[in-house]
Amino acid sequence: MQCPKCSNEMKENEHKGIKYDQCKNCGGLWFDALEAEDLVEIKGSADIDTGDAKEGAKLNKKRDINCPVCNIRMSKVHDLQQPHIQLETCAVCKGTFFDAGEFKDFVEEDFMDRIKDRFAKNR
Ligand SMILES: [Zn+2]
Ligand SMILES: [Zn+2]
(Lines give C-alpha, C1' and ligand atoms only; values in the text may rest on other atoms or scores of the structure.)
(Ligands and ions follow the chains in the order given, each with its own letter.)
Protein backbone atom coordinates (compact mmCIF):
# COMPACT_ATOMS: atom_id res chain seq x y z
CA MET A 1 0.00 0.00 0.00
CA GLN A 2 1.15 3.53 -0.77
CA CYS A 3 1.16 6.30 1.83
CA PRO A 4 -1.59 8.80 0.94
CA LYS A 5 0.53 11.72 2.19
CA CYS A 6 4.04 11.15 0.89
CA SER A 7 3.56 8.29 -1.62
CA ASN A 8 6.17 6.08 0.00
CA GLU A 9 5.60 2.44 0.77
CA MET A 10 3.61 1.47 3.84
CA LYS A 11 4.51 -1.59 5.82
CA GLU A 12 1.93 -3.88 7.35
CA ASN A 13 2.33 -4.33 11.07
CA GLU A 14 0.47 -5.85 13.96
CA HIS A 15 -0.09 -4.93 17.58
CA LYS A 16 -1.74 -7.56 19.79
CA GLY A 17 -3.69 -9.02 16.91
CA ILE A 18 -4.74 -5.73 15.33
CA LYS A 19 -3.27 -5.03 11.92
CA TYR A 20 -2.28 -1.58 10.78
CA ASP A 21 0.04 -0.01 8.23
CA GLN A 22 2.86 2.40 8.90
CA CYS A 23 4.64 4.54 6.34
CA LYS A 24 8.37 3.82 6.16
CA ASN A 25 9.07 7.45 5.33
CA CYS A 26 6.79 9.81 7.25
CA GLY A 27 5.67 7.41 9.99
CA GLY A 28 1.98 8.00 9.29
CA LEU A 29 -0.40 5.27 10.42
CA TRP A 30 -3.27 3.73 8.50
CA PHE A 31 -6.05 1.78 10.16
CA ASP A 32 -8.91 -0.05 8.53
CA ALA A 33 -12.42 0.48 9.92
CA LEU A 34 -12.53 0.59 13.70
CA GLU A 35 -9.01 -0.71 14.23
CA ALA A 36 -8.00 2.61 15.77
CA GLU A 37 -10.82 2.44 18.29
CA ASP A 38 -9.96 -1.13 19.14
CA LEU A 39 -6.34 -0.16 19.68
CA VAL A 40 -7.26 2.54 22.16
CA GLU A 41 -8.54 -0.25 24.42
CA ILE A 42 -5.16 -1.97 24.40
CA LYS A 43 -2.53 -0.91 26.88
CA GLY A 44 0.67 0.39 25.35
CA SER A 45 -0.77 0.88 21.88
CA ALA A 46 0.57 4.46 21.78
CA ASP A 47 4.02 2.85 21.34
CA ILE A 48 3.24 1.92 17.74
CA ASP A 49 3.30 5.60 16.84
CA THR A 50 7.05 5.70 16.35
CA GLY A 51 7.13 8.43 13.71
CA ASP A 52 8.56 11.92 14.12
CA ALA A 53 5.76 14.15 15.43
CA LYS A 54 7.43 17.20 13.83
CA GLU A 55 7.26 15.53 10.44
CA GLY A 56 3.66 14.56 11.18
CA ALA A 57 2.74 18.15 12.03
CA LYS A 58 4.10 19.27 8.66
CA LEU A 59 2.17 16.60 6.78
CA ASN A 60 -0.94 17.35 8.81
CA LYS A 61 -1.33 20.44 6.63
CA LYS A 62 -1.60 18.29 3.53
CA ARG A 63 -5.22 17.27 3.72
CA ASP A 64 -6.43 16.69 0.20
CA ILE A 65 -5.50 13.07 -0.03
CA ASN A 66 -7.02 10.01 -1.63
CA CYS A 67 -7.82 6.80 0.19
CA PRO A 68 -4.96 4.36 -0.48
CA VAL A 69 -7.48 1.51 -0.64
CA CYS A 70 -10.38 2.98 -2.67
CA ASN A 71 -8.53 5.80 -4.43
CA ILE A 72 -11.25 8.37 -3.71
CA ARG A 73 -10.90 11.70 -1.92
CA MET A 74 -10.94 11.29 1.85
CA SER A 75 -13.05 13.39 4.27
CA LYS A 76 -11.33 15.76 6.66
CA VAL A 77 -12.44 15.21 10.23
CA HIS A 78 -11.22 16.18 13.66
CA ASP A 79 -11.54 14.61 17.03
CA LEU A 80 -14.41 16.28 18.91
CA GLN A 81 -12.61 16.29 22.23
CA GLN A 82 -9.30 17.30 20.71
CA PRO A 83 -9.85 19.58 17.72
CA HIS A 84 -6.09 19.82 17.11
CA ILE A 85 -6.11 16.17 16.07
CA GLN A 86 -7.06 16.35 12.41
CA LEU A 87 -7.58 13.11 10.61
CA GLU A 88 -8.58 11.96 7.19
CA THR A 89 -11.14 9.23 6.90
CA CYS A 90 -12.63 7.35 3.95
CA ALA A 91 -16.43 7.34 3.63
CA VAL A 92 -16.36 4.07 1.72
CA CYS A 93 -13.97 1.73 3.57
CA LYS A 94 -13.95 3.74 6.86
CA GLY A 95 -10.18 3.65 6.90
CA THR A 96 -8.41 6.41 8.87
CA PHE A 97 -5.02 8.03 8.47
CA PHE A 98 -3.09 9.46 11.44
CA ASP A 99 -0.03 11.61 10.87
CA ALA A 100 3.02 10.69 12.96
CA GLY A 101 2.41 11.69 16.58
CA GLU A 102 -1.34 12.01 16.21
CA PHE A 103 -2.24 8.52 17.23
CA LYS A 104 -0.19 8.79 20.40
CA ASP A 105 -1.94 12.03 21.20
CA PHE A 106 -5.31 10.44 20.49
CA VAL A 107 -4.68 7.39 22.69
CA GLU A 108 -3.17 9.24 25.62
CA GLU A 109 -5.86 11.89 25.77
CA ASP A 110 -8.55 9.27 25.63
CA PHE A 111 -6.93 7.41 28.49
CA MET A 112 -6.80 10.54 30.62
CA ASP A 113 -10.43 11.28 29.85
CA ARG A 114 -11.37 7.85 31.04
CA ILE A 115 -9.51 8.31 34.31
CA LYS A 116 -11.34 11.57 34.86
CA ASP A 117 -14.66 9.83 34.15
CA ARG A 118 -13.85 7.15 36.66
CA PHE A 119 -13.15 9.69 39.38
CA ALA A 120 -16.34 11.51 38.56
CA LYS A 121 -18.35 8.30 38.91
CA ASN A 122 -16.79 7.35 42.24
CA ARG A 123 -17.77 10.58 43.84
ZN1 LIG B 1 4.21 8.72 4.31
ZN1 LIG C 1 -11.34 3.80 1.31
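Predicted model: local features only at pLDDT ≥ 70, side-chain atom pairs only at ≥ 80, totals over all residues.

Trainee: Why does Asn-71 count as exposed?

Mentor: Asn-71 has 11 C-beta neighbours inside 10 Å. The cut-off is 12 or fewer, so Asn-71 counts as exposed. Its place is in the loop between helix 2 (53-59) and strand 4 (75-78).

Trainee: What makes Gly-17 exposed?

Mentor: Gly-17 has 7 other C-beta atoms within 10 Å, so it is exposed. Gly-17 lies in the loop between strand 1 (10-15) and strand 2 (18-23).

Trainee: Why is Lys-94 called partly exposed?

Mentor: Lys-94 has 14 other C-beta atoms within 10 Å. Exposed needs 12 or fewer and buried needs 20 or more, so Lys-94 is partly exposed. This residue lies in the loop between strand 5 (86-89) and strand 6 (96-98).

Trainee: What is there to say about phi of Lys-94?

Mentor: Phi of Lys-94 is near 65°, a positive value in a residue other than glycine. Most residues other than glycine have a negative phi. Phi of Asn-71 is also positive, near 60°.

Trainee: How do you know that the radius of gyration agrees with a compact globule?

Mentor: For 123 residues a compact globule would have a radius near 14 Å, and the protein has 14 Å, so the two agree. Buried residues make up 33% of the 123 residues.

Definitions and conventions:
Residues numbered from 1 in each chain as written. Chains lettered and ligands numbered in written order. Rg over C-alpha atoms; globule rule 2.2 N^0.38 Å. Helix = DSSP H or I, 4+ residues; strand = E, 2+ residues; numbered from the N terminus.
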